[in-house]
Amino acid sequence: MRIANVGGRLSLIDADGRAVDVERASGGAFGSDPQAVYGDWARFREWAATATLPEGEAFEVDALGAPAPAPRQVIAVGLNYSDHAKEAGLGVPEGLPPLFTKFASSITGPVTQVRLPEGGNTDWEVELVVVIGKEARDVSEDRAWEYVAGLTAGQDISERITQLAGQAPQFSLGKSFPGFTPTGPWLVTPDEFADPDDVELSCAVNGEEMQKSRTSNLIFPVPTLIAKLSAIIPLLPGDILFTGTPAGVGLGRDPQLFLADGDVLVSRIEGIGELRQTFTA
Ligand code: ZN
């Protein structure tokens with residue numbers, strides 16, 4: 001099942017790629033708020049599995065908002081691919097990976113224009129994003145996928161000068177400029193993947209591929225992240241988890257490369273779809 005935020009309204013995406021408005025199709029049993037559905041996820045899945053849906057309507061991709069536009073918690077993982085830890089000049093983390101947030105005001109839908117912070121070094125990080133569908137506390141790895149509503153694509157856009165300033169670096173701030181957290185184009189439930197722990201992710205700037213890997217290369221895979229995080233903080237329905245980025249970011253290149261006025265960044269995740277960001281000075 002795929003669900004989307006079409007013009008701010010919760011929608012199912014049918015087999016033809018058209019949108020079915022959930023509030024109307026359910027006769028009001030479910031509201032239109034794309035974020036609220038995660039608080040009622042089990043009942044929604046049950047309804048969606050058996051409902052007779054009306055014909056969907058075509059929509060423009062730039063009408064899409066974030067599939068989880070207002071999470072209570074945004075958790076992001078650093079150094080979760082060994083090739084990226086290496087290009088960052090850092091060791092592979094043990095125990096827990098470094099964690100930070102991307103402040104929720106930076107969340108957008110999948111197709112956007114992003115203003116480059118003046119004097120900054122703005123960089124890309126394609127990431128698989130997990131959306132939580134059931135409150136998770138002390139969850140074991142083998143049950144972790146039961147707590148996942150679905151997966152979406154994300155860009156952890158990062159302004160490196162702000163991010164790395166100071167003795168205790170400002171990861172959260174440097175990664176939360178307006179528009180720095182595009183997600184989408186929709187949420188895909190885990191059952192849609194042959195193996196949700198092994199999907200390809202990649203991104204390209206102006207058509208040139210910069211990153212390409214598979215989530216089977218994650219040092220801490222999704223179930224491990226959910227187990228380790230939920231041992232410390234509850235993961236709440238609708239929370240989003242950025243799972244880390246593979247090698248190929250601009251900071252790790254020689255010479256370094258950062259986004260410039262007019263650049264187009266396209267990020268793709270197998271079985272989900274793509275994000276498209278155009279940058280302006
Ligand atoms: Zn990241």
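Colleague: Which residues coordinate the zinc ion?

Modeller: Glu 125 (OE), Glu 127 (OE) and Asp 156 (OD) do, at 1.9 to 2.1 Å. Donors here are N, O and S atoms within 2.8 Å of the metal (3.2 Å for Na, K and Ca). Water is not among the atoms, so sites may look incomplete.

Colleague: What should I know about the model itself?

Modeller: This is a predicted model: local features need pLDDT of at least 70, side-chain atom pairs count only at pLDDT 80 or more, and totals for chains, interfaces and linings use all residues. Residues are numbered from 1 along each chain as its sequence is written, and side-chain values use heavy atoms, with hydrogens and water left out.

Colleague: Is Glu 127 buried or exposed?

Modeller: Buried, with a relative accessible area of 0%. Asp 156 is buried too, with 0%. Buried means under 20% relative accessible area, exposed over 50%, and partly exposed in between (1.4 Å probe, protein chains only).

Colleague: New topic. What is the strand order in the open sheet of five strands?

Modeller: β8-β18-β17-β14-β15, with mixed pairing. β8 (111–115) and β15 (208–214) are the edge strands, each pairing on one side only. Two strands pair if DSSP finds at least two bridges between them.

Colleague: How many degrees does the twist average from one strand to the next?

Modeller: The average is 15 degrees. Axes are lines fitted to C-alpha atoms, for helices over the stretch in contact, and angles run from 0 to 180 degrees between N-to-C directions.

Colleague: In which sense do β8 and β18 pair?

Modeller: Parallel, over five bridges, with β18 covering residues 273–280. Val 111 has Arg 276 in β18 as its bridge partner.

Colleague: Now the surface. Which residues form the nonpolar patch?

Modeller: Leu 96, Leu 99 and Ile 232, with about 270 Å² of accessible area together. Patches take residues with over 30% relative accessible area and no salt bridge; like charges are joined within 9 Å, nonpolar side chains (Val, Leu, Ile, Met, Phe, Trp, Tyr) within 5 Å. A salt bridge is a side-chain nitrogen of Lys or Arg within 4 Å of a carboxyl oxygen of Asp or Glu. Areas come from the Shrake-Rupley method with a 1.4 Å probe; for residues, only the protein chains shown count as cover.

Colleague: Where does Leu 99 lie?

Modeller: In strand β6 (residues 99–100). Leu 99 counts as partly exposed, at 37% relative accessibility.

Colleague: Backbone next. Which residues does a cis peptide bond join?

Modeller: One joins Gly 184 and Pro 185, with omega about 0 degrees. Pro 185 is in strand β13 (residues 181–188). Another joins Asp 254 and Pro 255, also with omega about 0 degrees. Pro 255 is in the loop between β16 (240–242) and β17 (264–269).

Colleague: Which residue has a positive phi although it is not a glycine?

Modeller: Leu 79 has a phi of about 50 degrees. Leu 79 lies in the loop between β5 (74–77) and α3 (82–87), and is buried at 15%. Asn 206 also has a positive phi of about 50 degrees, in the loop between β14 (200–205) and β15.

Note on methods: Helix = DSSP H or I, 4+ residues; strand = E, 2+ residues; numbered from the N terminus.
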